[in-house]
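I opened this notebook page to record what I looked up in one protein model, going from the overall fold to single side chains.

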Amino acid sequence: MEMEKRLTLELRNKKPAEVKELVLDNCRSDDGKIVGLSSDFENLEFLSMINVNLLSVSNLPKLHKLRKLELSDNRISGGLEVLAERTPNLTHLNLSGNKIKDINTLEPLKKLPNLHSLDLFNCEVTMLINYRESMFALLPQLTYLDGFDADDQEAPDSDPEADGDGLDDEYDENGEGEEEDDDEEDELDEEVIDDEEEDEDDLEGEEEEDGVDDEEEEDEEDEDDDEDLPQGEKRKRDLEDEGEEDPEDEEDEEDD
């Protein structure tokens, strides 16, 4: 997508003066220059143009409130005096992955009094002998160069999740980080098993009660049937249940 179209898309029907952050990463710039951006973005504080094939920042408009400028992975090799003229209040500048070869190219940054963080990763200039010492001498206002200060202390605003430090610290604080999680899972599994056993016991108890109730109902039905029988038949049936024969039946057999 072309830079100008991307810019229109990012506005989302807002006025340029209402925008404080603008990201134009990975779009295409015409002839390696900034297109579509104007001084109407007067309240812009953060601007990112990563990997847009920039050769120059000569078309950068005046953005006096701009604090952070991301220009990494382009082909910029010089012309940085424009930054001092048009973005005088810059505090963070990322030029990583550009074509900057020598320290003299960075000299115009001396005119940025508020600049305290500069990134030049993957630029040829970083391969020079005494690179860091020379840069801190050139830019005394600088606090962090490539994420570290002059004493090799890391910048405090670096993302702990990006390098895994946050995760390691959490593990160390817990001592047994993953093991504690496993113990908690085991406890949960035991609780689930106990609950299932209780449910099974409840079901068995209900089934036994149902069985007793069914037997009682059958006995009651038998008793009701017995009450409806004539006296003689009832007595005969009782004897049959007890395994005895009716005396009258015995007499009939003897007569025969």
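The entries below cover the fold, the sheet, the nonpolar core and the salt bridges.

**Fold.** I noted at the outset that the model is predicted. I counted eight helices and six strands in the protein chain, and reading from the N terminus I wrote their order down as α-β-β-β-α-β-β-α-β-α-α-α-α-α. I then looked up burial and found that 30% of the 256 residues are buried.

**Sheet.** I traced an open sheet of six strands, paired in parallel, in the order β1-β2-β3-β4-β5-β6. Its edge strands are β1 (21–23) and β6 (144–145), each of which pairs on one side only. I followed β6 to its partner and found that two bridges join it to the parallel strand β5, residues 117–119, with Tyr144 of β6 as the bridge partner of Ser117.

**Core.** Which residues have the most contacts inside the largest nonpolar core? This core has 46 residues, and I listed Leu47, Met49, Leu93, Leu109, Leu118, Leu120 and Met135 as those with the most contacts inside it. The elements giving two or more residues to this core are α1 (3–11), α2 (81–86) and α3 (131–138), and α3 supplies the largest share, four residues. I also looked up Leu118 on its own: beyond its neighbours within four places in sequence, its contacts include Leu93, Leu109, Met135, Tyr144 and Asp146.

**Salt bridges.** I found four salt bridges in total. Arg6, Glu10 and Arg12 are linked in a network, in which the closest N and O atoms of Glu10 and Arg6 are 3.0 Å apart, while Arg12 meets Glu10 at 3.8 Å, N to O. Why are Glu10 and Arg6 separated by about one helical turn? I put this down to their positions, because they are four residues apart in helix α1. Arg6 counts as buried, because its relative accessibility is 17% and the cut-off for buried is under 20%, whereas Arg12 is exposed at 59%.

Arg132 lies in helix α3 and Asp152 in the loop between β6 and α4 (160–163), so the pair ties together parts that are 20 residues apart in sequence. I noted Arg132 as partly exposed, with a relative accessible area of 21%.

Notes. Residues numbered from 1 in each chain as written. Predicted model: local features only at pLDDT ≥ 70, side-chain atom pairs only at ≥ 80, totals over all residues. Heavy atoms only, no water. Buried < 20%, exposed > 50% of the residue type's maximum accessible area, 1.4 Å probe, protein only. Pairing = 2+ DSSP bridges. Core = buried A, V, L, I, M, F, W, Y, C linked by side-chain atoms within 4.5 Å. Contact = heavy atoms within 4.5 Å. Salt bridge = Lys/Arg side-chain N within 4 Å of Asp/Glu carboxyl O.
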